[in-house]
Amino acid sequence: MNHKNAIRFLVLLAVVLAPAAPLPAQAAAAWERALREERAGKDAEFKNSQTSPMAGRERLTVTGTAAPFHLIRDGKVVDPGEAGKGAAFAVLFRDGKWYWSAQSEVACRRDGRPVARESEPLEPGDLFTAGRLTLAAYPGPDTLALIVFDPQRPQIEEFAHLSYYPPDRNYAVLARLERFAEAKPLKITTTRNLEKTFYRYGKLRFRLDGRDLELTALKTSLDGPDARYLFVPFKDESNGRETYEVGRFLDLEEPAGGELLLDFNRCYNPLCNYSPAYNCPLPPLENILEIEIRAGEKTYRTEKSEK
């Protein structure tokens, strides 16, 4: 059992055996230390990663059915006949797939390896390096979204750390997962008035602040690596005041049985809080809690505007 799993086991054991009793000092200290380490790691990633949400400058969307060829220069879609300086590359739509082509100053990589020009279809998360900019590709059936990351965006230059509530073990509660007989698709509206498809997987039932509550657990996929995880988008009465108005998210590893630890200290903001470049799902109506969840991440606020 690794360090993190051991900590979660101790917390879960304490909740099961004595929900009202104080957590043993050693286990409580280990749980809080692990939580603070996770938060420090996320802060470092947001400050230093080339694809930090704080560096997300804008979102480009091109359509293959309207035009099969698009030229990207300096993080903008430009007319192919337009003269200009700066690193440029082209994206091409062919037979329902997206490809790329460029001069030597632009690179496209997938998990650290090059993506072949004009012959290898783009996949979600492929990264272009063009001058100081990084662009992440997200191909769809007939559209291609490119998120432009700029290390000179004011928000990443000023970033020091995210905002959190202090750790509070009262918001780490035992939940019972009741799986649905069938994981049916659910289309959820996003912040860009689009739709994303998830799967309604089960109901999480738990007790918090003296009340019996429930949330619907979703899955992003029913196969592959992501099928191991539950996605729980929710709203609560702190939204729009101390926490992000759209709501917050929880990611949970699916348990082998029916019980798991629901730790709201680990809930986080949609990426839309940090940049307008993102397209975030809105919590479904069945996941609106009529209590305040004063745990986890608070709204991140910045005073600087785009250059």
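Leaving aside its neighbours within four places in sequence, which residues is Thr299 in contact with? Some notes on that and on a few other spots follow.

1. **Ground rules.** This is a predicted model, so to speak of local features pLDDT has to be at least 70, side-chain atom pairs count only at pLDDT 80 or more, and totals for chains, interfaces and linings use all residues. Residues are numbered from 1 along each chain as its sequence is written, and side-chain values use heavy atoms, with hydrogens and water left out.

2. **Thr299.** To take the opening question: setting aside neighbours within four places in sequence, Thr299 is in contact with Ser163, Glu242, Thr243, Tyr244, Asn269 and Asn273 (contact means heavy atoms within 4.5 Å). Thr299 sits in the segment after β16 (259-263). Its relative accessible area is 11%, so Thr299 is buried (buried is under 20% relative accessible area, exposed over 50%, partly exposed in between, with a 1.4 Å probe and protein chains only).

3. **Lys203.** Here's a lysine that counts as buried, because its relative accessibility is 10%. Lys203 belongs to strand β12 (residues 195-208). The side chains of Lys203 and Thr216 are joined by a polar contact of 2.8 Å. For that term, read a pair of N or O atoms within 3.5 Å; within protein, one must be able to donate a hydrogen and the other to accept it, and residues adjacent in sequence count only if both atoms are side-chain atoms. Beyond its neighbours within four places in sequence, Lys203 is in contact with residues including Glu178, Glu214 and Glu286.

4. **Aromatic pairs.** The count is 12 aromatic pairs. The rule: rings of Phe, Tyr and Trp (its six-membered ring) pair if their centres lie within 6.5 Å, and planes under 30 degrees apart count as stacked, over 60 as edge-to-face and the rest as tilted. Trp100 and Phe128 make an edge-to-face pair, 5.5 Å centre to centre with 80 degrees between the planes. Trp100 is in strand β5 (residues 97-102) and Phe128 in strand β8 (residues 126-130), so this pair ties together parts 28 residues apart in sequence. Trp100 counts as buried because its relative accessibility is 2%, and Phe128 counts as buried because its value is 0%.

5. **Phe159 and Tyr300.** This aromatic pair is tilted, at 5.7 Å centre to centre and 50 degrees between the planes. The pair links distant parts of the chain, 141 residues apart: Phe159 is in the loop between α3 (154-158) and β11 (172-189), and Tyr300 in the segment after β16. Both Phe159 and Tyr300 are buried. Phe46, Phe159, Tyr274 and Tyr300 form one aromatic cluster.

6. **Lysines over rings.** Lys219 lies over the face of Tyr201, 4.0 Å from the ring centre. Lys298 does likewise with Tyr165, at 4.8 Å from the ring centre. A charge sits over a ring if NZ of Lys or CZ of Arg is within 6 Å of the ring centre and within 35 degrees of the ring normal.

7. **Helix α2.** With 24 residues (residues 25-48) at 1.5 Å a residue, α2 should span 34 Å, and its end C-alpha atoms are 34 Å apart, which agrees (the expected span is 1.5 Å times one less than the number of residues). The buried residues of α2 include Trp31, Arg39, Asp43 and Phe46; Phe46 is also in the aromatic cluster above.

8. **Positive phi.** Most residues other than glycine have a negative phi. Asp95, in the loop between β4 (88-94) and β5, has phi near 55 degrees. Asp95 is exposed, because its relative accessible area is 75%. Asn193, in the loop between β11 and β12, has a positive phi of about 60 degrees. Asn193 counts as exposed because its relative accessibility is 68%.

9. **Whole chain.** The protein chain has three helices and 16 strands (DSSP runs numbered from the N terminus: helices are H or I, at least four residues, and strands E, at least two). Of its 307 residues, 45% count as buried. Residues 24 or more positions apart account for 57% of the contacts with a separation of 6 or more.
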